[in-house]
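Dear colleague,

Please find the structure below, handed over for your records.

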There are 2 protein chains.
Amino acid sequence: MNGAESLMRALAGAGVEYCFTNPGTTEIHLVAALEQTPGIRGVLGLFEGVCSGAADGYARMAGKPAATLLHLGPGLSNALANFHNARRAHSPVVNLVGDHPAFHRLNDPPLHSDIATMAAPVSVWVRDASGSSGLGADGYAALWAASKPPGGIATLIVPADRAWSESAMPGSPPELPDPSPVSPETVGEVSRMLTAGKPTALLLGGRALHGPGLELAGRIAARTGAILISHTFEARFERGAGLPLVRRLPYFPEAARKRLEGYAQVIPVGTTVPTSFFAYPGSPVQVLPDGCAIKVLAGPDEDIVGALDSLANSLDACGIDYHAVPLNRPAPPAGPLTAETAGAALGALLPENAVISDESGTSGAFSYRFTAGAPPHDWLCLTGGSIGQGIPVATGAALACPGRKVVCLQGDGGAMYTIQGLWTQARENLDVTTVIFSNRSYGILRVELERLGFDSPGTEIADTMDLSRPDIDWVKLASALGVPAVRAQSAEGFYDDLAAAFAEPGPRLIEAVL
Amino acid sequence: MNGAESLMRALAGAGVEYCFTNPGTTEIHLVAALEQTPGIRGVLGLFEGVCSGAADGYARMAGKPAATLLHLGPGLSNALANFHNARRAHSPVVNLVGDHPAFHRLNDPPLHSDIATMAAPVSVWVRDASGSSGLGADGYAALWAASKPPGGIATLIVPADRAWSESAMPGSPPELPDPSPVSPETVGEVSRMLTAGKPTALLLGGRALHGPGLELAGRIAARTGAILISHTFEARFERGAGLPLVRRLPYFPEAARKRLEGYAQVIPVGTTVPTSFFAYPGSPVQVLPDGCAIKVLAGPDEDIVGALDSLANSLDACGIDYHAVPLNRPAPPAGPLTAETAGAALGALLPENAVISDESGTSGAFSYRFTAGAPPHDWLCLTGGSIGQGIPVATGAALACPGRKVVCLQGDGGAMYTIQGLWTQARENLDVTTVIFSNRSYGILRVELERLGFDSPGTEIADTMDLSRPDIDWVKLASALGVPAVRAQSAEGFYDDLAAAFAEPGPRLIEAVL
């Protein structure tokens with residue numbers, strides 16, 4: 001068995017199901033091994049940002065890593081922006097990067113570059129397998145490192161000669177690491193804070209935002225009167241009718257400060273303290289109230305659900321019902337198509353168990369609001385602020401969740417970054433409905449410009465936020481890549497198009513002209 | 001004056017004409033300054049790989065740097081793959097990367113990452129302007145570093161507060177550094193080697209491949225009987241009727257070895273010794289003959305043209321005519337459209353002074369061959385092997401060379417990487433004719449697969465090289481982005497489409513179905 005086969009057998013044996021790839025010559029043996037190995041399947045992306053984003057989306061929904069397989073430094077470069085988002089999402093990814101054999105790197109051939117340095121800023125673990133005697137063992141080590149709570153990107157650089165040379169069979173998959181337990185003292189202290197009669201916010205992140213963690217947080221809130229809040233952008237919110245309400249902090253720091261006014265205590269659970277997304281001249285970046293007490297119940301790498309369980313027990317909250325969001329859908333909208341009426345249509349129609357990949361920018365606020373009372377669903381955010389995540393994350397989520405409708409809410413500016421992902425959705429016949437909010441501008445930049453005091457922007461400033469010269473034809477673009485598409489120009493039309501897309505499986509795109 | 005204004009005035013005053021950008025909130029003050037500064041103009045790319053590739057194409061043809069302006073680590077990430085090619089082309093680029101103020105980085109907001117580490121592998125110079133008192137001076141330093149022979153990417157990280165704070169006026173632009181002179185001893189030794197009666201190859205790179213350097217090399221060859229050769233991929237070949245013939249080394253190492261067989265001496269001029277592009281099992285990566293003497297006349301950072309001039313003088317070759325390639329165009333082709341007939345059409349029609357941006361992969365060999373006797377033109381190669389260069393480099397070259405027709409020969413696989421560049425060509429109304437060689441596969445990978453002994457590839461191996469499921473509709477894709485497009489399916493049709501595209505200015509795309 002060669003190294004490539006050893007590696008792919010190890011990954012498949014440990015439960016890695018997908019390898020998102022755009023390979024080249026240095027990865028040919030790895031691709032051959034991928035084909036020969038049952039249980040793991042290659043998914044082709046026409047650009048590596050699709051691969052890294054898909055691995056992120058898969059990990060957020062499957063709760064376990066996929067692999068990526070990239071072509072030397074340039075392939076990795078193209079994957080980095082969505083790896084930045086994946087890093088912020090704490091998504092586990094086994095990132096394989098093919099490389100020249102060590103003896104050939106010395107010749108500095110054209111494709112040679114410093115892969116390890118480039119991978120470091122996004123990775124929790126980097127290994128160059130140049131000196132490796134067994135790629136299978138390296139694969140296990142990468143899987144372990146990626147899975148170590150809170151999860152991260154483990155980069156294994158695979159020189160081509162390690163893949164084509166003889167290698168040992170991989171041993172047994174490693175036992176994956178558990179999160180660190182939270183001490184009874186910490187639980188006790190938080191418990192005392194929650195019963196001290198002070199206005200308190202539980203700031204939830206990671207596993208506190210879905211599944212048993214969210215339910216426990218809801219019971220604790222119901223028992224103590226604390227509110228549940230979160231950062232603006234999180235990897236995965238489980239929300240909708242029947243679930244506890246978590247209030248996302250607003251994006252702009254003034255609004256976030258206002259939301260937190262009056263809270264004497266903030267308890268981060270699985271996350272860190274909030275800060276402003278950007279800094280602005282003459283304005284503070286702090287969003288927590290002055291003098292607010294902060295006590296972390298569990299950090300991102302700790303046993304979040306276990307800590308919430310202990311806390312609920314200590315508060316005698318386990319038997320208590322949480323305040324569940326009532327089922328509440330907006331009426332089908334009518335009139336002009338706007339961010340608001342588009343959001344209402346989505347709220348009216350969203351299927352139960354849908355997964356939303358949200359990179360809607362300025363156009364999406366209403367969509368979030370109008371789906372608050374929709375049947376339960378998952379909502380995946382732009383965790384790292386690096387645009388071009390929406391379509392790839394939707395692609396990976398669809399592979400992780402067969403049978404669930406995936407909805408991608410995508411601003412036009414970000415859509416152009418990784419539009420290649422539509423082709424993969426067509427190729428894999430994924431059940432994704434993509435809505436392009438076509439406002440022909442980087443809308444958020446126009447808002448920021450005003451905030452920065454540029455009241456009457458000159459022509460060129462307006463120019464760099466203007467996507468209307470030329471207008472992009474999203475219907476043609478999607479259909480060129482194999483995804484059937486329609487253009488909606490009224491609220492009623494958008495509602496009908498959305499209903500049609502939700503009525504049958506497979507990829508669809510709707511250009512919502514705002 | 002704020003820092004942003006100081007920076008833009010410095011760059012414009014030093015002759016930087018273009019700033020290829022996709023800015024965000026941290027770059028708003030820089031964009032405002034860009035608008036207010038005469039002499040420098042922002043060009044919007046819908047993805048940063050377009051910006052870095054355009055800066056590369058501009059530098060190759062203008063011989064001086066453009067600026068790029070990118071949005072923090074993610075914006076830089078997206079630019080890295082084409083910066084890899086620019087690094088291999090020794091293209092000077094002033095790379096501005098906006099960032100959070102230093103005080104806000106400490107809060108680790110979502111978009112924060114280690115920009116300096118990420119920039120290092122592609123940059124000759126990296127400065128974080130956090131402690132800077134004057135961004136204008138930083139801009140000069142970046143310009144100096146980028147321009148230092150052989151040229152490279154100088155990355156200046158600009159924290160937003162340095163851009164919005166008061167700053168000194170920039171002083172006078174710096175004197176740009178000259179290349180190091182080559183010693184008379186070296187010239188003398190090479191001169192003796194060239195007159196020793198041994199079969200000798202002058203291996204040309206950089207400025208030895210165009211303008212006065214190429215003419216001098218031609219005279220030296222004519223005087224001494226040496227042949228002129230080059231690496232397979234170079235930043236810029238000047239070629240065609242009336243110019244000296246330079247033989248590019250073949251891509252595959254066996255063929256390159258065969259080409260060099262019998263040469264006792266190789267003299268690199270402005271470049272390094274050749275090596276195989278990739279390594280293969282059981283096959284050497286060396287391409288020079290055993291025992292071949294190597295003597296570098298001038299390294300990439302040395303005075304290449306000066307060294308050739310001294311050498312020509314010492315050989316009394318200055319008055320000698322070089323062997324000029326005769327004008328020789330193929331006949332207009334007929335029959336099925338193939339890589340060969342497409343190449344013949346190009347050779348028959350190529351306008352004088354055209355600039356070719358070549359990322360044609362397996363389909364382009366005939367195009368190169370059939371244009372060998374066309375009127376003089378420039379040919380720009382995929383220097384670093386990172387696909388997705390063709391369309392962006394064409395975009396920058398068109399801005400550098402108004403009045404010259406730019407022709408982009410682009411394989412379909414690479415085209416999907418930076419297809420966003422078509423939109424910039426439409427927006428700027430650039431005179432670029434893009435030919436998509438649509439063979440619906442990563443053709444080079446199929447060739448490599450055979451070379452690696454996978455005689456009957458399994459389904460999945462074939463799959464990752466197959467772009468036909470679904471087929472990409474290039475005509476729709478281009479027209480969605482504002483570039484008029486046609487599909488050619490016969491040699492005659494392609495010839496007519498090419499003639500029509502060459503007959504009038506402005507962006508056009510031809511899908512050549514192979």
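Helices are DSSP runs of H or I with at least four residues (strands are runs of E with at least two), numbered from the N terminus. Axes are lines fitted to C-alpha atoms, for helices over the stretch in contact, with angles from 0 to 180 degrees between N-to-C directions.

The model is predicted: local features need pLDDT of at least 70 and side-chain atom pairs count only at pLDDT 80 or more, while totals for chains, interfaces and linings use all residues. Residues are numbered from 1 along each chain as its sequence is written, and chains are lettered from A and ligands numbered from 1 in the order in which they are written.

In chain B, the axes of helix α1 (residues 3–13) and helix α2 (residues 28–36) come within 8 Å and cross at roughly 45°. α1(B) is therefore oblique to α2(B), a class for angles that are not under 35 degrees (roughly parallel), over 145 (roughly antiparallel) or 65 to 115 (roughly perpendicular). Residues in this contact (C-beta atoms, placed from the backbone, within 7 Å) include Leu7(B) and Met8(B) of α1(B), and Leu30(B) and Leu34(B) of α2(B).

Between the chains, the contact takes 76 residues from chain A and 76 residues from chain B. On the side of chain A that touches chain B, helix α4 (residues 72–89) of chain A gives the most, with eight residues.

Chain A is divided into domain 1 (3–164), domain 2 (184–314) and domain 3 (339–513), with bounds from an automatic or database domain assignment. The C-alpha centres of domains 2 and 3 of chain A lie 29 Å apart.

With kind regards

Terms used. Two residues are in contact if their C-beta atoms, placed from the backbone, lie within 7 Å.
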